[in-house]
Amino acid sequence: MARPGIPEETCKRILIAAGAALLLVFALSPFFWMLWVSLTSRPDFLFTKTVEYTLANYTNVLTSPTLHFTDYFRNSLIVASVTAVAVTLIASVAGYAVSRMRFPGRVAIPLFVLAMSMFPPISIVGYLYQWFSSLGLVNTHAALIFPYSALTVSLALWINMSYFAQIPVDLDRAALVDGASRMAVLFKIVFPLALPGIFSAFLLVFIACFNEFLFALMLTIDPFAQTLPVGIALFEGLHGEVPWGNLMAASAMATLPLVALTLIFQKYIVQGLMGGAVKG
Amino acid sequence: MACSVELKNVDKSFFTLRGRVDVMRGISLHIEPRELFVLLGPSGCGKSTLLNMIAGLEKPTAGSITIGDAVVADPGRGVFIDPFRRNVAMVFQSYALYPHMTVRANIAFPLTNLKPRPPAGDIGRKVREAARLLRIEELLDRKPAELSGGQRQRVAIGRAVVREPKVFLMDEPLSNLDAQLRTEMRAQLKELQRRLGITTVYVTHDQMEAMTLGDRIAVLNEGVIQQLGTPAGVYAHPSNVFVARFVGSPPMNLFEGAVKRDENTRVVLRTADGDILLPERLGADLVAQGKERCILGIRPEHIEPVAAGQGNFDSRISVVENVGSEYLASLFLKSGHIVVRAQHEPQPGPAGLRFASDRLHVFDAGARSSVE
């Protein structure tokens, strides 16, 4: 006989939904706040009752010759893409070697790479500046691509390693006996199967580089090489006030490509990050 | 073209943080062209390592491996031919089909790696021939995930035959199939090997598979060949206690004891379960050789249950199982579990066991090897 009141299952669902909603509000409210501010016309929006909605901030950011938004965007795109491609390539081949081949140091290498990425960036950026100055690299894309690659390669390596570990070794062995060279095994068998892992490593490295602030601030000087996070932070109003509308419009435009990428490829990212967590 | 495979004094060691682990010692084998040679042993005995060394997936630590006229591995002379240059084909227990490729692409894969690569028309024709041979033509456009275990196994075999390799290497290829399918595939595999006439090295832990498939078998344990011979020869004349127990199902019954004379001066084997009367000639031989202790072995089908006092040994039948065509009687003794195979149903309770005197095996109690 059914008991009166709300069934236990429904209660559970309500609680789960409420928890999820709370989490969403917590995570998304800054994002919506940013969108809202970017769409309002007045800088003193916090203290007014009536709000006018406008796209002026967006057109201003995109067209103003002094804000250099498109320069920053181009630089971010170049630096993040080149780093992500290079790191993905290096980490895929290295991940395969470390997870499949027997050689001295195969256990130490990933740990060493991980340790390298644990240095606080602030502790190395000063030396990097001096070094890159002497090499004439300061204020170039290369000044960011090299340190970004070194710092993100451990993330990609570990994601790839855990993903490769899921692919049965018998497939490599079968392909070797079937006449494939090591490189053929890598490109014809292992990479196609590890694509979700490799792809999620690519995306995460891309996002990390796209958002990086400290190195970009220290190693680049002007819009020729500065990236979006630095560029946006340097936005100035005409009379020294903070140009909230422009800042938020630029931030929204900087975030949207990442959000879009993540939403489109979320399946791959989840699969990639779950690599090794469950046996296939 | 069928090739011989020769292994001379092959050793294999692994080096770990805890030191050196020897997994194979002094393996020498000559496998004839067209032969179906079975490596039989329990898991961890090194049989798969041996197969991997023939394939080139593992390097021997010492010794040499020759396929046909070509030395493919000889660490002493610095020779090691990569697996992809050996022209051998391997079938894995896990099938190892490439999951992102169709059956057609899986079977074609070895051909696409050939240098120079054959024309697409030739590859297509050979894939269709292999598929026809294994009756999987209608599966060519499916992915491995859409196939049953038996179908996957056929595809794996198709991928092995398509290249017309010098040698087939099979690593427990039937272990993942259910019992009925395994029996069927076993017969088909044997027929296929005969038809193609390709030298085959087959690894299994299943003695039934070894007995039914092999032209010859090598029984391995702890990295050493225990016995090499035809299945019938190994079954009839096991060279040591390990082979005696491992080959045959149910395994050979063993009784360990002291060679003594009873009160009637007859030679008996005094075991923890009582005296076993030895046939006159065997008893005399053991006494003449001065054997004080030995292990007596007899297969279940060479023991006849008789009335107590009528056989070589009196004991008690605990359980009788009807396995369809025959009965298996079990005796739980201090010496271990003894099984008797009988055509007529024995009754549980006190019984005598009569041993076929010409089917007794005697093993040295210390070395555990056969005594002539």
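A:Arg102 forms a salt bridge with B:Glu58, and their closest N and O atoms lie 3.7 Å apart. A salt bridge is a side-chain nitrogen of Lys or Arg within 4 Å of a carboxyl oxygen of Asp or Glu. By this rule, two salt bridges cross the interface of chain A and chain B. The rule for polar contacts finds ten residue pairs across the interface of chain A and chain B, both residues at pLDDT 80 or more. A polar contact is a pair of N or O atoms within 3.5 Å; within protein, one must be able to donate a hydrogen and the other to accept it, and residues adjacent in sequence count only if both atoms are side-chain atoms.

The model is predicted: local features need pLDDT of at least 70, side-chain atom pairs count only at pLDDT 80 or more, and totals for chains, interfaces and linings use all residues. Residues are numbered from 1 along each chain as its sequence is written, chains are lettered from A and ligands numbered from 1 in the order in which they are written, and side-chain values use heavy atoms, with hydrogens and water left out.

Chain A brings 16 residues to the contact, and chain B brings 24 residues. Contact means heavy atoms within 4.5 Å. The area buried between the two chains is about 1,800 Å². Carbon and sulfur atoms give 62% of this area. A:Arg173, A:Val177 and A:Asp178 supply 36% of the area that chain A buries against chain B, more than any other three residues. Buried area is the accessible area (1.4 Å probe) that two parts lose on being put together, summed over both.

Which helix gives the most to the side of chain A that touches chain B? It is α7(A), with seven residues. The residues of this side divide into nine nonpolar, two polar and five charged. Here Ala, Val, Leu, Ile, Met, Phe, Trp, Tyr, Cys and Pro count as nonpolar, Asp, Glu, Lys and Arg as charged, and the others, Gly among them, as polar. Helices (H or I, at least four residues) and strands (E, at least two) are DSSP runs, numbered from the N terminus.

The largest pocket has a volume of about 720 Å³. It is lined by 21 residues; A:Arg100, A:Met101, A:Arg102, A:Arg182 and B:Leu57 are the closest to its centre. α7(A) gives the largest share of the lining, four residues. The lining holds nine nonpolar, two polar and ten charged residues. Pockets and cavities are found on a 1 Å grid over the protein atoms alone: a cavity is a set of points where a 1.4 Å probe fits but cannot get out, a pocket is an open set with protein on both sides within 12 Å along at least five of seven lines, and lining residues have an atom within 4 Å of a point. Grid points are joined across faces, edges and corners, and a volume is the space filled by probe spheres set on the points.

The second largest pocket has a volume of about 550 Å³. Among its 21 lining residues, B:Asp358, B:Leu360, B:His361, B:Val362 and B:Val371 lie nearest its centre. α9(B) gives the largest share of this lining, four residues.

The structure holds one cavity of 30 Å³ or more. The largest cavity has a volume of about 60 Å³. Its lining includes B:Leu36, B:Phe168 and B:Tyr202. α5(B) gives the most to this lining, with three residues. By class, the cavity lining has eight nonpolar, two polar and no charged residues.
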